[in-house]
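Trainee: I'd like to learn how to read a place where two chains meet. Could you walk me through one?

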Amino acid sequence: MTMDKNALERIPHIGEIRHRGPFAGTPEKHTATFQDRSWRQNKVVGSLEEAIRRTGLQNGMTISFHHHFRNGDHVVNQVLDTLARMGFKNLTLAASSLAAVHAPLIDHIKNGVVTRIETSGLRGELAEEVSRGLMDCPVVFRSHGGRAAAIRSGELPIDVAFLGAPSCDPYGNANGYSRDDSLLACGSMGYARTDAKYARQVVILTNHLVRYPNAPWAIPEYDVDYIVPADDIGDPKGIMSGATRYTKNPKELLIAQTAARVIDAAGYLYDGFSMQMGSGGASLATARFIREMMLEKDIRCRFALGGITGQITAMHEEGLIDRILDVQSFDLDAALSLKNNRFHHQIGATYYASFLSAAAVDQLDFVVLSALEIDTDFNVNVLTGSDGVIRGAIGGHPDAAAGASLSIVVAPLTRGRIPSVIDRVNTVVTPGAVVDVVVTDQGVAVNPRRPEVAERLRAAGIPVGTIQRLKEKAETLVGKPDPIRYTDRVVGVVLYRDNTVIDTVRQIAEP
Amino acid sequence: MELKKAATAGTMESGDVMVTLCPAQEGGVDLSLTSSVQQQFGRQIEAVIRDTLRKLGVEHAQVTAVDKGALDCTIRARVAAAVYRSAGETPERWEEL
């Protein structure tokens, strides 16, 4: 059956009805079994080179990667080696983060294959080299929320995303685990979701092609263009270790206990509260003290957000936490819970933290975050070390600090001889305007913006001092460090979560 | 104090400093310092080592210090212990240093 073209003309207002012309018949229907079809007509291509050719990638374009394989990632190096062999130049590498394992990028930068980098952080040799002036164009550092916003708004347009997936079916439904077998490679693939949705072309690299439909999926098939079966996408040992253990360090336990008391005294530990625990010994250990208080008060947590560990999933399975919103699974227990527990949800970076839309961080009561340095204006640095060299990642630090009603930053007052509380942080990552309380092993300081919190802590018997006093205490212990010697050359640009420039990282001066 | 033989004090643990002394007849204090906090505290660590040696009356010595972020009090204690070991003496009161 077909529709006569003239029939359309008799329809009143046809010019205002959006259509694609008269019905002209259907393409031939297939008759093969679904099984047979799915292994013949699909998006699987024979090699990475072929996939790259088909995406139409050109010199000067932007490629992207996720960091869910952490220091076990073999995707970035594999793809860059291939691109270098194929002769590509002048590419922008936009990763959700980079780790020590990505040191081979140094050669690709020297050879002009990669000329710009966008990332949440840098570590290891690559970070060292960047701090010593490896690149002409400064590295752009964004928070997880800032990156998601920039990708969506077009400030960071991605031409081709190369996304490693521990499971994928022949049509592109991809995930960090699979319900068909016991595989549990990385759990949540939250950061990759943004890339898959907005990149012009999406290539999935997978070592585990499973049957359709690979449900649940992190990335739906309609966002995927090509699938490359790869023998090796990562080293399981580097991707994920067993359960994250609670710290036994008495300093960290003291900090964690104090942080939990601060949350309670400030009034944010009530029936139905919400929380996020950042990575780092003391912030993770805070969950343990929160749990004891919850049992005592007989209250429940409505949701826990962020990078998720076994501590949070154990509390969920115990009935203490109603929902988990998981953008990144930090350990095997977390990945297992995501697979098995129906109220443990996988969320993307936009949902987690983008400032362009209502995000989950905006619903936080409190967050406990680590810091390398805190200054007397409550600014926090998590990116550059005390020697001025890049050695960390912004992550969701500023996003969660800005979103939570009470943001607590925890750190030992000194690490060896290095003071954590100082006059001015080397790099401002999270501005003091969104940091509420600093908890150290040597005392607590409340931002003067929050006098009511200081009042409540004092009423609960928690000694509250000034941030200046903490700085002086640290100085008495370790002395005043000589300033870091930098050159004038900028090697890194730090963007706040709204993608305004908040600080720069300069090249360190050679001794 | 007169240094008589090579002597060492301290460990390579974090928060400690390992100080090695060799006697010398001339040339003052020849100090070789490596530190995990060289850039921030190298100048101060060197001053503390030289000051401690001066107070103990050591004028000539070859000194090697490998610092892992030790506090000033630790540095003084390790330098003094190395000096006493080298001299083969025991102080009446360590606290007075």
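**Where chain A meets chain B**

Mentor: Contact means heavy atoms within 4.5 Å, and here it takes 15 residues from chain A and 12 residues from chain B. Keep in mind that this is a predicted model, where local features need pLDDT of at least 70 and side-chain atom pairs count only at pLDDT 80 or more, while totals for chains, interfaces and linings use all residues. Residues are numbered from 1 along each chain as its sequence is written, chains are lettered from A and ligands numbered from 1 in the order in which they are written, and side-chain values use heavy atoms, leaving out hydrogens and water.

Trainee: How much area do chain A and chain B bury between them?

Mentor: Buried area is the accessible area (1.4 Å probe) that two parts lose on being put together, summed over both. For this pair that comes to about 1200 Å², with 47% of it on carbon and sulfur atoms. On chain A's part, A:R417, A:I418 and A:D482 supply 56% of the area buried against chain B, more than any other three residues.

Trainee: And how many salt bridges does the rule find across the interface?

Mentor: The rule wants a side-chain nitrogen of Lys or Arg within 4 Å of a carboxyl oxygen of Asp or Glu. It finds 2 across this interface. In one salt bridge, A:R417 meets B:D72 at 2.7 Å, N to O.

Trainee: Is strand β17 of chain A mostly covered or exposed?

Mentor: Buried means under 20% relative accessible area, exposed over 50%, partly exposed in between (1.4 Å probe, protein chains only). Strands are DSSP runs of E, at least two residues, numbered from the N terminus. β17 (residues 406–410) of chain A is mostly covered, with 5 of its 5 residues buried.

Technical notes
Helices (H or I, at least four residues) and strands (E, at least two) are DSSP runs, numbered from the N terminus.
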